[in-house]
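Please examine the sequence and the three-dimensional structure shown below before reading the report.

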Amino acid sequence: MSGPELFCQSRRVRRGAALTLVFAGLLVTGAATGAFPDPGQGDRKPPAGSARPATRHEDVAKAAAEAMADGKSPVEAAERAVSRSGDRWAAVYSEGEYQEFEDALDGQYTGVGLWARRERDGRIEVSRVQAGSPAAEAGVRKGDRLRSVDGADVDGRPVTDVVSLLRGDATDARAGTTVTLGLQRGTRAWRETVRRALLSTDSVSVRKAAAGITVIRVSAFTKGSGDQVRDAVRQAPAEDGIVLDLRGNSGGLVTEAVTAASAFLDGGLVATYDVHGVQRSLHAEPGGDTVRPLVALVDGGTMSAAEMLTGALQDRGRAVVLGSRTFGKGSIQMPTRLADGSVAELTVGHYRTPSGHVVDGRGITPDLEVGSGALRRAETVLSGLGDPS
């Protein structure tokens, strides 16, 4: 298992999924980390009988306010109220945590700029170092062994725990705070103290996998990623088929996923969704490339907005989907600011694919189940889909 500092926080794996489909139309200005567009409908009232979700939000806010007035922890009180809601995607975030998620979906994160993986013997190894990051400037290299973080031994620990230490999750560490890394390269062992920084993410990457095949990998739908996908499709050689790699994509901004869908569709339905029982829909923009052969790669880490995109391409016959069943996160959360600045979220609705498929708790079944060697299989499938010209 391996992971970057972004989207791999141990305390936040479940929470990160909950944040990927945020309904922002009901949010205090500036608090949104994701968005379902709601043009001209922000003041629509829910139908009779659908008021309970709002009441749950009020219950949580009240519990937090009362705890704060009594000198107790508003976050803990909110978490207790949320746990009583029976909502599996409900979550409470400190103000710092929520700000970090907002930064992440803006294409930024606070960290030192290294990716880590755990070897079979439990050792933690640096699998990638971001260029220009504090880790890179300190001379950390891919293949270095990470032995400790701020004196805490990391051998045998889950990667998510190691990443949490690097980011300083326990103290909501901000850019400028220091962290000491215990490193080893061959027989040389040393300590390096670096300052965390606000770093930019590269959520979209493009490469040639083989003759006639362009691979577009999207690790998360951060701000601007939809346009990056569209640009990548336009710039790919005319004879190339496309592999859209969504494996491990934990979601992100819904609007960006819709823009990505627009790269491959000529308008039309991407998904339907409901909020407090009010039905709405999302549509692609016209003018996408509907000719190139397209394969979408997915796995159990494909979540939320990435599942929405996959479902749209599959249902509309635009892509052959390869891999394993996706995660199954198809619910919509509404955030509420609490008295101390923390944020509570509860589910207010769900989305469906164009054919009406419910994703939440079920995921999306690929057209072709593939385990290892998925990319090679995708290349084989693309070669049989025909020449786009």
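## Overall make-up

The structure is a predicted model. Its chain contains ten helices and 20 strands. Of its 389 residues, 54% count as buried.

Contacts in the chain can also be sorted by separation in sequence. Among those between residues at least 6 apart in sequence, 70% join residues at least 24 apart.

## The nonpolar cores

In soluble globular proteins, nonpolar side chains tend to be buried together. In this model, the largest nonpolar core has 42 residues. Those with the most contacts inside this core are Ile216, Phe221, Leu244, Phe264, Val270 and Met308. Helix H9, which spans residues 305-315, supplies the largest share of the core, namely six residues. Another core, of 17 residues, lies apart from it and includes Val126, Val140, Leu146 and Leu183.

When its neighbours within four places in sequence are left aside, Ile216 is in contact with Val204, Ser205, Val206, Val229, Ala232, Val233, Ile242, Val243, Leu244 and Asp245.

Which residues of helix H7 are buried? Within this helix (residues 225-235), they are Ser225, Gly226, Val229, Arg230, Ala232 and Val233. These residues lie on the same side of H7, because they cover an arc of only 160° around the axis. On the other side of H7, Arg234 and Gln235 are exposed.

The cover over the buried residues of H7 includes strand E11 (204-210), strand E12 (213-218) and helix H8 (254-262).

Helix H6 is largely enclosed by the rest of the structure, because seven of its nine residues are buried. The buried residues are Val159, Thr160, Val162, Val163, Ser164, Leu166 and Arg167. Just after H6, Gly168 takes a positive phi of about 75°.

H6 (residues 159-167) also gives the most to the lining of the second largest pocket, with three residues. This pocket has a volume of about 170 Å³. Its lining consists of 13 residues, and those nearest its centre are Ser164, Leu165, Gly168, Asp169 and Ala170. By class, the lining has four nonpolar, three polar and six charged residues.

## Positive phi in two loop residues

Phi of Asp150 is near 50°, a positive value. Asp150 is placed in the loop between strand E6 (145-149) and strand E7 (152-153). Phi of Ser304 is near 60°, also a positive value. Ser304 is placed in the loop between strand E16 (294-298) and H9.

Are these residues buried, partly exposed or exposed? Asp150 counts as partly exposed, because its relative accessibility is 48%, and the range for that class runs between 20% and 50%. Ser304 counts as buried, because its relative accessibility is 0%, and the buried class lies under 20%.

Technical notes:
Residues are numbered from 1 along each chain as its sequence is written. This is a predicted model: local features need pLDDT of at least 70, side-chain atom pairs count only at pLDDT 80 or more; totals for chains, interfaces and linings use all residues. Side-chain values use heavy atoms; hydrogens and water are left out. A nonpolar core is a set of buried Ala, Val, Leu, Ile, Met, Phe, Trp, Tyr and Cys residues joined through side-chain atoms within 4.5 Å. Buried means under 20% relative accessible area, exposed over 50%, partly exposed in between (1.4 Å probe, protein chains only). Helices (H or I, at least four residues) and strands (E, at least two) are DSSP runs, numbered from the N terminus. Contact means heavy atoms within 4.5 Å. On a 1 Å grid over the protein atoms alone, a cavity is a set of points where a 1.4 Å probe fits but cannot get out, and a pocket is an open set with protein on both sides within 12 Å along at least five of seven lines; lining residues have an atom within 4 Å of a point. Grid points are joined across faces, edges and corners, and a volume is the space filled by probe spheres set on the points. Ala, Val, Leu, Ile, Met, Phe, Trp, Tyr, Cys and Pro count as nonpolar, Asp, Glu, Lys and Arg as charged, and the others, Gly among them, as polar. The arc is that of the directions from the helix axis to the C-beta atoms.
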